[in-house]
Amino acid sequence: MNIYDDRTYEKLAKEGGPLPVEIDDHKGYQEVERRLSALRLPRSVSIKADSPVKVYYLFQVKPRPEALWEMAA
């Protein structure tokens with residue numbers, strides 16, 4: 001999923017789901033946080049590691065389909 005693509009957030013608003021962001025991508029983290037906040041999508045954030053070198057923030061987003069109407073406005 002591309003964190004800079006509007007379709008990513010449309011899908012999350014409809015279906016919810018995970019959205020990983022690399023731990024050292026501070027700009028990406030801020031972008032995701034800004035967009036999820038603007039849509040008022042409920043979420044939790046945790047830190048996950050698949051290996052010692054692959055560490056990321058995992059946004060677990062809950063669906064909120066009515067947010068799509070706000071995106072269109």
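This is a predicted model: local features need pLDDT of at least 70, side-chain atom pairs count only at pLDDT 80 or more; totals for chains, interfaces and linings use all residues.
Colleague: What makes Thr8, Tyr9, Leu12 and Ala13 the buried residues of α1?

Modeller: A residue is called buried when its relative accessible area is under 20%, and in α1 the residues that count as buried are Thr8, Tyr9, Leu12 and Ala13. Seen down the axis of α1, these buried residues fall within an arc of 130 degrees, so they line one face of the helix.

Colleague: Which exposed residues does the face of α1 turned away from its buried side carry?

Modeller: That face carries Arg7, Lys14 and Glu15, and the word exposed is used for a relative accessible area over 50%.

Colleague: How do you know that β1 and β3 pair?

Modeller: Pairing requires at least two bridges between two strands, and six bridges join β1 to β3 (residues 55-61), so the two strands count as paired, and they run antiparallel. Within this pair, proline 20 stands opposite leucine 58 in β3.

Colleague: Why are β1 and β2 called edge strands?

Modeller: The three strands form an open, antiparallel sheet in the order β1-β3-β2, and β1 (17-22) and β2 (43-49) are its edge strands, each pairing on one side only. From one strand to the next, the twist averages 25 degrees.

Colleague: Where do the helices α1 and α2 lie?

Modeller: Helix α1 (residues 6-15) lies across β1 and β3, running at about 145 degrees to β1, while helix α2 (residues 26-38) packs on the sheet and touches β1, β2 and β3, its direction making about 5 degrees with that of β3.

How values were computed: Residues are numbered from 1 along each chain as its sequence is written. Side-chain values use heavy atoms; hydrogens and water are left out. Helices (H or I, at least four residues) and strands (E, at least two) are DSSP runs, numbered from the N terminus. Axes are lines fitted to C-alpha atoms, for helices over the stretch in contact, and angles run from 0 to 180 degrees between N-to-C directions. Contact means heavy atoms within 4.5 Å. Buried means under 20% relative accessible area, exposed over 50%, partly exposed in between (1.4 Å probe, protein chains only). The arc is that of the directions from the helix axis to the C-beta atoms.
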